[in-house]
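Take a look at the chain below. Follow its strands and helices from one end to the other, then read on.

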Amino acid sequence: MAAGDLLTEADRLALDKTIRVAEQACRFEFSVYVGPAEGDDTRAWATRLHNRLVAPPRSVLILVDPTRRALEIVTGGDVRRHLTDAEVELAVLAMSSEFASGNLLAGLQRGITMLAEHARPQNTLHA
(Lines give C-alpha, C1' and ligand atoms only; values in the text may rest on other atoms or scores of the structure.)
Protein backbone atom coordinates (compact mmCIF):
# COMPACT_ATOMS: atom_id res chain seq x y z
CA MET A 1 0.00 0.00 0.00
CA ALA A 2 1.36 3.38 -0.97
CA ALA A 3 -0.19 6.18 1.02
CA GLY A 4 2.23 9.06 0.78
CA ASP A 5 1.71 11.75 3.40
CA LEU A 6 -2.08 11.59 3.24
CA LEU A 7 -2.42 8.96 5.95
CA THR A 8 -0.77 9.07 9.34
CA GLU A 9 0.91 6.03 10.85
CA ALA A 10 -2.17 5.50 13.05
CA ASP A 11 -4.37 5.73 9.93
CA ARG A 12 -2.23 3.12 8.17
CA LEU A 13 -2.50 0.75 11.13
CA ALA A 14 -6.28 1.22 11.24
CA LEU A 15 -6.48 0.61 7.50
CA ASP A 16 -4.35 -2.52 7.78
CA LYS A 17 -6.71 -3.84 10.47
CA THR A 18 -9.73 -3.13 8.24
CA ILE A 19 -8.05 -4.98 5.38
CA ARG A 20 -7.24 -8.01 7.58
CA VAL A 21 -10.83 -8.24 8.81
CA ALA A 22 -12.15 -7.91 5.25
CA GLU A 23 -9.82 -10.59 3.95
CA GLN A 24 -10.88 -12.98 6.71
CA ALA A 25 -14.55 -12.30 5.98
CA CYS A 26 -14.51 -12.93 2.24
CA ARG A 27 -11.22 -14.82 1.65
CA PHE A 28 -10.08 -12.37 -1.06
CA GLU A 29 -7.05 -10.08 -0.88
CA PHE A 30 -7.36 -6.28 -0.67
CA SER A 31 -4.73 -3.74 -1.68
CA VAL A 32 -4.94 0.04 -1.44
CA TYR A 33 -2.91 2.59 -3.36
CA VAL A 34 -3.24 6.25 -2.36
CA GLY A 35 -1.16 8.57 -4.48
CA PRO A 36 -0.57 9.84 -7.98
CA ALA A 37 -1.53 7.64 -10.91
CA GLU A 38 0.98 7.50 -13.72
CA GLY A 39 -0.18 8.66 -17.14
CA ASP A 40 -3.50 10.13 -18.15
CA ASP A 41 -5.61 6.99 -17.72
CA THR A 42 -6.15 6.23 -14.01
CA ARG A 43 -8.03 3.02 -14.85
CA ALA A 44 -5.10 1.70 -16.89
CA TRP A 45 -2.67 2.54 -14.06
CA ALA A 46 -4.92 0.80 -11.51
CA THR A 47 -5.15 -2.25 -13.76
CA ARG A 48 -1.37 -2.40 -14.13
CA LEU A 49 -0.97 -2.21 -10.33
CA HIS A 50 -3.60 -4.93 -9.89
CA ASN A 51 -1.82 -7.21 -12.35
CA ARG A 52 1.38 -6.91 -10.29
CA LEU A 53 -0.26 -8.29 -7.14
CA VAL A 54 0.64 -11.75 -5.88
CA ALA A 55 -2.76 -13.27 -6.77
CA PRO A 56 -4.60 -10.93 -9.17
CA PRO A 57 -7.59 -13.27 -9.76
CA ARG A 58 -8.33 -13.30 -6.00
CA SER A 59 -7.55 -9.62 -5.39
CA VAL A 60 -9.29 -6.26 -5.13
CA LEU A 61 -7.25 -3.12 -5.73
CA ILE A 62 -8.52 0.29 -4.64
CA LEU A 63 -6.70 3.26 -6.15
CA VAL A 64 -7.27 6.79 -4.86
CA ASP A 65 -5.53 9.72 -6.56
CA PRO A 66 -6.61 12.69 -4.42
CA THR A 67 -5.02 15.27 -6.73
CA ARG A 68 -7.09 14.08 -9.70
CA ARG A 69 -10.04 13.19 -7.50
CA ALA A 70 -9.92 9.73 -9.05
CA LEU A 71 -11.15 6.49 -7.50
CA GLU A 72 -10.70 3.15 -9.26
CA ILE A 73 -11.57 -0.34 -8.05
CA VAL A 74 -10.14 -3.29 -9.97
CA THR A 75 -11.34 -6.81 -9.18
CA GLY A 76 -9.84 -10.11 -10.28
CA GLY A 77 -11.73 -12.82 -12.13
CA ASP A 78 -12.44 -14.93 -9.04
CA VAL A 79 -13.70 -11.88 -7.16
CA ARG A 80 -16.06 -10.91 -10.00
CA ARG A 81 -17.90 -14.21 -9.54
CA HIS A 82 -18.98 -12.98 -6.08
CA LEU A 83 -19.04 -9.20 -6.46
CA THR A 84 -21.28 -7.47 -9.01
CA ASP A 85 -20.59 -4.16 -10.73
CA ALA A 86 -23.61 -2.71 -8.89
CA GLU A 87 -22.12 -3.72 -5.53
CA VAL A 88 -18.80 -2.13 -6.47
CA GLU A 89 -20.66 1.03 -7.54
CA LEU A 90 -22.36 1.21 -4.12
CA ALA A 91 -18.95 1.04 -2.45
CA VAL A 92 -17.64 3.77 -4.78
CA LEU A 93 -20.57 6.02 -3.87
CA ALA A 94 -20.03 5.45 -0.15
CA MET A 95 -16.31 6.10 -0.44
CA SER A 96 -16.79 9.20 -2.58
CA SER A 97 -19.19 10.62 -0.03
CA GLU A 98 -16.63 10.23 2.76
CA PHE A 99 -13.82 11.60 0.57
CA ALA A 100 -15.91 14.68 -0.26
CA SER A 101 -16.19 15.31 3.48
CA GLY A 102 -12.40 15.10 3.82
CA ASN A 103 -12.43 11.64 5.44
CA LEU A 104 -9.92 9.59 3.46
CA LEU A 105 -9.47 6.88 6.08
CA ALA A 106 -13.19 6.55 6.83
CA GLY A 107 -13.95 6.33 3.12
CA LEU A 108 -11.41 3.59 2.55
CA GLN A 109 -12.59 1.65 5.59
CA ARG A 110 -16.24 1.94 4.59
CA GLY A 111 -15.56 0.88 1.01
CA ILE A 112 -13.38 -2.09 1.95
CA THR A 113 -15.95 -3.27 4.49
CA MET A 114 -18.78 -2.99 1.97
CA LEU A 115 -16.84 -4.84 -0.73
CA ALA A 116 -15.93 -7.64 1.69
CA GLU A 117 -19.52 -8.00 2.89
CA HIS A 118 -20.82 -8.27 -0.66
CA ALA A 119 -18.06 -10.70 -1.71
CA ARG A 120 -18.55 -12.96 1.33
CA PRO A 121 -19.64 -16.47 0.36
CA GLN A 122 -23.32 -17.02 0.93
CA ASN A 123 -24.41 -19.58 3.49
CA THR A 124 -26.66 -22.16 1.90
CA LEU A 125 -28.96 -24.63 3.55
CA HIS A 126 -29.29 -28.06 2.04
CA ALA A 127 -32.48 -29.99 2.60
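This report covers a strand, its partners, a helix and the cores. The model is predicted.

Start with strand E2, residues 59-65. Of its 7 residues, 7 are buried. Both faces are covered. One side holds Ser59, Leu61, Leu63 and Asp65, and the other holds Val60, Ile62 and Val64.

The table sets out the two pairings.

| Partner of E2 | Residues | Direction | Bridges |
|---|---|---|---|
| E1 | 29-34 | parallel | 6 |
| E3 | 70-75 | antiparallel | 6 |

On the E3 side, valine 64 has leucine 71 as its bridge partner.

How do the strands connect? E1, helix H2 (residues 42-51) and E2 form a β-α-β unit, and this unit is right-handed. E2 and E3 form a hairpin with 4 residues between the strands. In that hairpin, arginine 69 has a positive phi near 55°.

**Helix H1**

Helix H1 has 18 residues. From first C-alpha to last it reaches 26 Å, close to the 26 Å expected at 1.5 Å a residue.

Which residues of H1 are buried? They are Leu15, Thr18, Ile19, Ala22 and Cys26. Seen down the axis of H1, these buried residues fall within an arc of 100°, so they line one face of the helix. An α-helix has 3.6 residues a turn, so residues three or four places apart point the same way.

The face of H1 turned away from the buried side carries exposed residues: Ala10, Leu13, Lys17 and Gln24. E1 and H5 are among the elements that cover the buried residues of H1. Arginine 27 follows H1 and has a positive phi, near 70°.

**The cores**

The largest nonpolar core has 29 residues. Which of them touch the most other members? Phe30, Ile62, Leu108 and Leu115 do. The elements that give two or more residues to this core are H1, E1, E2, E3, H4 and H5. H5 gives the most, with 8 residues.

Now return to phenylalanine 30. Leaving out residues up to four places away in sequence, phenylalanine 30 touches Ile19, Ala22, Glu23, Val60, Ile112, Leu115 and Ala116.

There is also a second, separate core of 9 residues. Its members include Leu49, Leu53, Leu63 and Val74. In soluble globular proteins, nonpolar side chains tend to be buried together.

Technical notes
Residues are numbered from 1 along each chain as its sequence is written. This is a predicted model: local features need pLDDT of at least 70, side-chain atom pairs count only at pLDDT 80 or more; totals for chains, interfaces and linings use all residues. Side-chain values use heavy atoms; hydrogens and water are left out. Buried means under 20% relative accessible area, exposed over 50%, partly exposed in between (1.4 Å probe, protein chains only). Two strands pair if DSSP finds at least two bridges between them. A crossover is right-handed if, with the strands pointing away from the viewer, the path from the first strand over the helix to the second runs clockwise. A nonpolar core is a set of buried Ala, Val, Leu, Ile, Met, Phe, Trp, Tyr and Cys residues joined through side-chain atoms within 4.5 Å. Contact means heavy atoms within 4.5 Å. The expected span of a helix is 1.5 Å times one less than its number of residues. The arc is that of the directions from the helix axis to the C-beta atoms.
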